[in-house]
Amino acid sequence: MIERPLYSGPYAHERVSVRRTMLLVVFALLPATLFGLYQYGWPAIFLFVVTLLAAIVAESVSLWVMGKPQRPFLLDGSALLTGWLLAITLPPWAPWWIGVVGAFVAIVIGKQVFGGIGQNLFNPAMVARSALLVSFPLEMTTFPAPQPLLSAQAPDMAQGLAITLGDTTQVDAVTSATTFGHVKTELTRGAGMDEALAGTYSLWEHLLGTSSGSLGEASVLLLLLGGVLLLYTRVISWHIPVSMLGSLALLATIFHLINPSLYLDPLFHLMAGSVILGAFFIATDLVTSPVSVRGQLIFGAGCGVLVFVIRTFAGYPEGVAFAILLMNASTPLIDHYFRPRVYGRDRRGRPLNHGDGEDRRP
Amino acid sequence: MKLFRIRGGVHPDDRKQLSAEHPIENLPLPPLLHIPLQQHIGAQATPVVTRGQLVRKGELLARSQGIISAPVHAPTSGRIMGIGGYPAHHASGLSVRTLTLKPDGHDEWHDSCVGAAAPFSLSPEEISTRVADAGIVGMGGAGFPSSVKLNLRHRYALHTLVINGAECEPYLTCDDRLMQERPDDVRDGVMLMARALGVRRVLFAIENNKPAALAAMRESAKAQADLQIVGLPTRYPMGSANHLVQTLVGKETPARGLTADIGVVVHNAATAAAVNDAIRHGRPLISRIVTVTGRAIRRPRNLHVLIGTPMDYLVEYCGGFLEEPVRLISGGPMMGQPLPSTRVPVVKGSNGLLALSASEVNDGAEMPCIRCGICVRVCPCGLVPLSMVATIRAGRLESSVRLGLLDCIGCGSCAYACPSHIPLVQHFNYAKGELAAQQRAQHKQGEIKRLIEARTARMEAIKRAKQEAMRRRKAEMDGKKAENADRRAETAEASR
């Protein structure tokens, strides 16, 4: 916190701040989140609140340990956003400690050990999600079918509290496989793609969000709405989402055309799972993505390719988190090699020569 | 006309409406004028008047010194009260050699101020000599002697003169008013400069946010077939010479080069008016138009001000401050200079006096960089400002140069748009200064080393010479001894 020196301009400043940026992302996530909370009712609401609180407590404790001021860093909204992103990528009826452990992993290991805001190499929410998935595979892959708030089968507040506190009996009753999970299992059993797809959600259900999945990833439509808001407010640029979705769609199309009974329809790749959430909100994480346009295109394309490879060939049914983490690791390299061309110089950094061969200087 | 795109840039709230509708007013004579001898890039001028001397308006006070320099003239008639130190028109507030003139109120012109009867029949040399003698420097703020730029024709094959009427800095409206109120003077100045440069094509660029100025210049330019008025998209830093030329011509100026490398010379619109005054009326550069504005100023105005007028006199004329300004700036808010106080005088490059209130500055506490990449997106030079700051903070100035530190034009777009409120330009200026200091130190060290080596060699030579002399003397002595011994032996033998 340096007092702004007096010597150099500019002496005017755009009305922007770190907090505004973070809160805009939170705001863009709001529609999808509210819909998710509605779809999964009280247990989801409890888990969401617990995760957010844990993230903020973890941030506060880290700041205290490091001797940094609490106010500016707690109010910058970054811990809130990390907790929020983590919460909406969790199975909605997961027990409370999943949220708490995840939030501490995200904030402490994912962010603060690197030196706090802006210093982390990996997206903190994805670090936590991956750590949870590897450590607690059962809890992290138990997805309930949507039970909209106030609907007949939905758990009431007390039941919701019980679920969040770890009562699994109710969860087991309504578990439902995600599209990718189901397809993967069926294909492994030797079934054809048509057969595998028959037992799961339709594209329409993914678009609207009535399929099962993580808390906030269900509704493609609402996520796109949030993404458009981020693009409109210029918090993100189009390069990462477009190159990520584009490369995924391209690969999926090629493989689908080669063998439709083994490889999923590209539309499912785009609509099911968390790729839309990943493309607009997680891969575009400002801190962990490249800063130049070309770098962002490469980064996004890399994410798309990895998502496809993990979904199709690896053991996990979904690979957005892993794909983004792998590309995060290459961000410093991308930033080093793909810088914009400097004005008056060619790509290799030599002063331009306009090719008229005429040296006008004496 | 087809325009070319430049990269980056920002759209700051220009707040030109504060002063844009106020016609230019003549500021009354101040009680004292403080005229610095250094108002330009280059060598300081040398005074040719003495204390107590009476001078007339337009009389030479100090002549230029060297190739890149500019003379200084008396803004009005009066008595020279002294030559000494006075706070400079600079952030440091250090004192510079300044002439103090007490106006006598007659405002009488000196006899030397005679205009050319037929300006357009003057030769290019005559035009550039008259411009040099009139002390005209770039009036957009940089203050580079204009005649030096007019003489570029000797060294470069020039084809286009670009007149910068972009006035892309927020707040400033002095060029806007000038172009609206004196379009024919500006036009004639432009055509005289075109004649001096020997170019056929003149592009007069004005940002589209100044429709009245555009209309006035278009009307005035109808008489000149070679003069084309071009409306520019409004974007900061459109007025950066390199970017303006790229927008108009579509070519980038090579790194570390001049726009003249691609055959273009850029002059400011206000400079053109000064050239016209100098050549047609014989009036040296002794006054200029200054925009006094900002929310902390009671009555923002465009004032015609004598060079050397103290800033507080301008503020007083504009009704004083509404509130204590948080920033007091000479020039625009993007690239202007903070002023240490309102005592400093107006100089040839002062295009604005800004008194900004807290709401305009929107200062925020500095936060860590979140790598949002906004600075990369807005940089008109294709740099990665966040990496440059990181290397500068780590003390690796060489790396920051490799990243393009010296290609930075200091426009401040990055710092303007940074959500973390990081003072990027401050870091860059620090690094540029530090590099220059290092180079000076290195040069000094090299010189010292050279001198020491020379001294050692000299000492060695002296020592060797001494030894040589000793040896010779010894040899001589030995020879004498031997001779004596021989002689003694001879004598002994003889006496035997």
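Q: Hi! How many residues of domain 1 of chain B are in contact with domain 2 of chain B?
A: Six residues of domain 1 of chain B touch five residues of domain 2 of chain B. Two residues are in contact if their C-beta atoms, placed from the backbone, lie within 7 Å. This is a predicted model, where local features need pLDDT of at least 70, side-chain atom pairs count only at pLDDT 80 or more, and totals for chains, interfaces and linings use all residues. Residues are numbered from 1 along each chain as its sequence is written, while chains are lettered from A and ligands numbered from 1 in the order in which they are written.

Q: Switching to chain A, how are its domains laid out?
A: Domain 1 of chain A is 16-176, and domain 2 is 178-211 + 236-337. Their centres, over C-alpha atoms, are 22 Å apart. The contact takes 18 residues from domain 1 of chain A and 15 residues from domain 2 of chain A.

Q: Which helix gives the largest share of the domain 1 side there?
A: H5(A), with five residues. Helices (H or I, at least four residues) and strands (E, at least two) are DSSP runs, numbered from the N terminus.

Q: How does H5(A) sit against H17(A)?
A: Their axes come within 9 Å and cross at roughly 130 degrees. Axes are lines fitted to C-alpha atoms, for helices over the stretch in contact, and angles run from 0 to 180 degrees between N-to-C directions. H5(A) and H17(A) are therefore oblique to each other; angles under 35 degrees count as roughly parallel, over 145 as roughly antiparallel, 65 to 115 as roughly perpendicular and the rest as oblique.

Q: Which residues make that contact?
A: From H5(A) come A:Met126, A:Val127, A:Arg129 and A:Ser130, and from H17(A) come A:Ala321, A:Phe322, A:Ile324 and A:Leu325. By class, that is six nonpolar, one polar and one charged.

Q: What about H3(A) and H5(A), where do they meet?
A: A:Thr82, A:Leu85 and A:Leu86 in H3(A) meet A:Pro124, A:Ala125, A:Ala128 and A:Arg129 in H5(A). The axes of H3(A) and H5(A) come within 8 Å, crossing at roughly 35 degrees.

Q: Back to chain B: what order do the strands of the open sheet take?
A: The six strands run E1-E14-E13-E17-E15-E16 in chain B, with mixed pairing. Two strands pair if DSSP finds at least two bridges between them.

Q: Why is one side of E1 and of E16 left without a neighbour in the sheet?
A: E1 and E16 of chain B stand at the edges, each with a single partner strand, so one side of each has no neighbour in the sheet. E15(B) and E16(B) pair in the antiparallel sense over two bridges, and B:Ser330 has B:Gln337 as its bridge partner in E16(B).

Q: Last one: how many residues does each chain bring to the contact between A and B?
A: Chain A brings 42 residues and chain B brings 59 residues. The chain A side divides into 21 nonpolar, 11 polar and 10 charged.

How values were computed. Nonpolar A, V, L, I, M, F, W, Y, C, P; charged D, E, K, R; others polar. Domains from an automatic or database assignment.
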